[in-house]
Amino acid sequence: MNVAPFQVSLWVELLAAGLGGLQGALFAAEHRNRRIDVLGVLVIGLVVALGGSLLRDIVLDQPPVVIWMNWYLVVAGGSAILGMILQHLLAHAGWVITVLDAVVMGLFGAIGASKALSLGVGEVGALVVGAIGAIGGGLLRDVFLGLPVSFLQIGTLYAVAAGSGVGVLVFLTEFGTPVPIAGLICVGVTTVVRLIAVLLGWRFPEQRALTRPRPRSPKPS
């Protein structure tokens with residue numbers, strides 16, 4: 001099956017990179033106790049904005065597009081610095097940022113999964129690559145700052161939203177749906193699942209054993 005990568009206009013990808021830079025700056029502002037300097041804000045912004053695309057291309061053994069094209073780095077870095085300057089104003093636009101983040105996550109998931117399929121990666125592998133593209137920036141951000149990886153903690157189904165959208169794309173393309181249509185549906189599913197999870201507070205339950213351990217009998221004296 002020949003699958004072409006899901007493509008969007010360059011300005012859309014740059015807009016997504018810019019949003020990632022803003023999110024990185026806002027995240028750095030929430031961790032002032034770590035005394036992150038201006039260079040740190042810039043690095044975090046780049047990681048959040050471009051980390052998923054970088055990991056995706058490394059996994060696929062492809063030249064990282066965010067390195068080979070200058071505009072990604074410039075836009076993401078500039079947005080991170082702008083976000084640092086305007087952090088007090090952006091902090092009041094929480095829901096707008098959340099909605100745009102969900103859309104961006106869907107976009108990067110669709111691009112990653114379809115790119116994997118176009119290179120001959122199997123369906124399960126494409127699902128993993130798409131999820132990496134969608135949430136890889138957050139993963140690298142937590143690793144860089146020495147924080148617990150957020151999508152492994154109890155939260156509002158961040159990785160599940162990405163996986164749901166990517167899974168729909170892989171399923172649809174397997175049955176011959178054109179990639180542009182499957183990609184748009186992927187973005188829609190990811191966005192809806194993410195926003196509903198945030199709005200309703202959907203979470204996975206915390207891990208627990210199926211049976212309680214039996215109390216140990218006291219040793220005879």
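Which helix supplies the largest share of the lining of the second largest pocket? That would be H2, with four residues. The model you're looking at is predicted, and here's a quick tour of what is in it. The protein has nine helices and zero strands, and 44% of its 221 residues count as buried.

**Overall layout**

- Reading from the N terminus, the elements go α-α-α-α-α-α-α-α-α.
- If you box in the C-alpha atoms along the principal axes, you get roughly 75 × 50 × 35 Å.

**The largest pocket**

- The largest pocket holds about 1100 Å³ of space.
- It has 48 lining residues, and the ones closest to its centre are Asp-101, Arg-141, Ser-150, Tyr-158 and Arg-194.
- The top contributor to the lining of the largest pocket is H1, which gives eight residues.
- Sorted by class, this lining comes out as 25 nonpolar, 17 polar and six charged residues.

**The second largest pocket**

- Here the space is about 230 Å³.
- The lining is made of 15 residues, and Phe-6, Glu-13, Arg-56, Val-65 and Ile-111 sit nearest the centre.
- At least two lining residues come from each of H2, H3 (65–68) and H6.
- By class, the lining of the second largest pocket splits into 10 nonpolar, two polar and three charged residues.

**Salt bridges**

- The structure has three salt bridges.
- One of them pairs Arg-56 with Asp-57, and the closest N and O atoms are 3.0 Å apart. Both of these residues are buried, and Arg-56 is also among the residues nearest the centre of the second largest pocket.
- Asp-57 also forms a salt bridge with Lys-115, where the closest N and O atoms are 2.8 Å apart. This pair ties together distant parts of the chain, since Asp-57 belongs to helix H2 and Lys-115 to helix H6, 58 residues apart.
- Why does Asp-57 count as buried? Its relative accessibility is 0%, and the cut-off for buried is under 20%.
- Lys-115 has a relative accessible area of 17%, so this residue is buried too.
- Through shared partners, the salt bridges join Arg-56, Asp-57 and Lys-115 into one network.
- Another salt bridge runs between Asp-142 and Arg-141, with 3.0 Å between the closest N and O atoms. Asp-142 and Arg-141 are both buried.

**Rings and a charge over a ring**

- How many aromatic pairs does the structure hold? There is one, formed by Phe-171 and Phe-175.
- The rings of Phe-171 and Phe-175 are tilted, with 5.0 Å from centre to centre and 50 degrees between the planes.
- Are Phe-171 and Phe-175 buried or exposed? Both are exposed.
- Arg-141 turns up again here: it lies over the face of Phe-27, 4.0 Å from the ring centre.

**Two loop residues to look up**

- Asp-61 is in the loop between H2 and H3. Its phi is near 60 degrees, a positive value in a residue other than glycine.
- As background, most residues other than glycine have a negative phi.
- Asp-61 has a relative accessible area of 68%, so it counts as exposed.
- Leu-157 is in the loop between H7 and H8. With a relative accessible area of 15%, Leu-157 is buried.
- Leu-157 and Ile-44 are 113 residues apart along the chain, and their C-alpha atoms are separated by 23 Å.

Methods
Residues are numbered from 1 along each chain as its sequence is written. This is a predicted model: local features need pLDDT of at least 70, side-chain atom pairs count only at pLDDT 80 or more; totals for chains, interfaces and linings use all residues. Side-chain values use heavy atoms; hydrogens and water are left out. On a 1 Å grid over the protein atoms alone, a cavity is a set of points where a 1.4 Å probe fits but cannot get out, and a pocket is an open set with protein on both sides within 12 Å along at least five of seven lines; lining residues have an atom within 4 Å of a point. Grid points are joined across faces, edges and corners, and a volume is the space filled by probe spheres set on the points. Ala, Val, Leu, Ile, Met, Phe, Trp, Tyr, Cys and Pro count as nonpolar, Asp, Glu, Lys and Arg as charged, and the others, Gly among them, as polar. A salt bridge is a side-chain nitrogen of Lys or Arg within 4 Å of a carboxyl oxygen of Asp or Glu. Buried means under 20% relative accessible area, exposed over 50%, partly exposed in between (1.4 Å probe, protein chains only). Rings of Phe, Tyr and Trp (its six-membered ring) pair if their centres lie within 6.5 Å; planes under 30 degrees apart count as stacked, over 60 as edge-to-face and the rest as tilted. A charge sits over a ring if NZ of Lys or CZ of Arg is within 6 Å of the ring centre and within 35 degrees of the ring normal.
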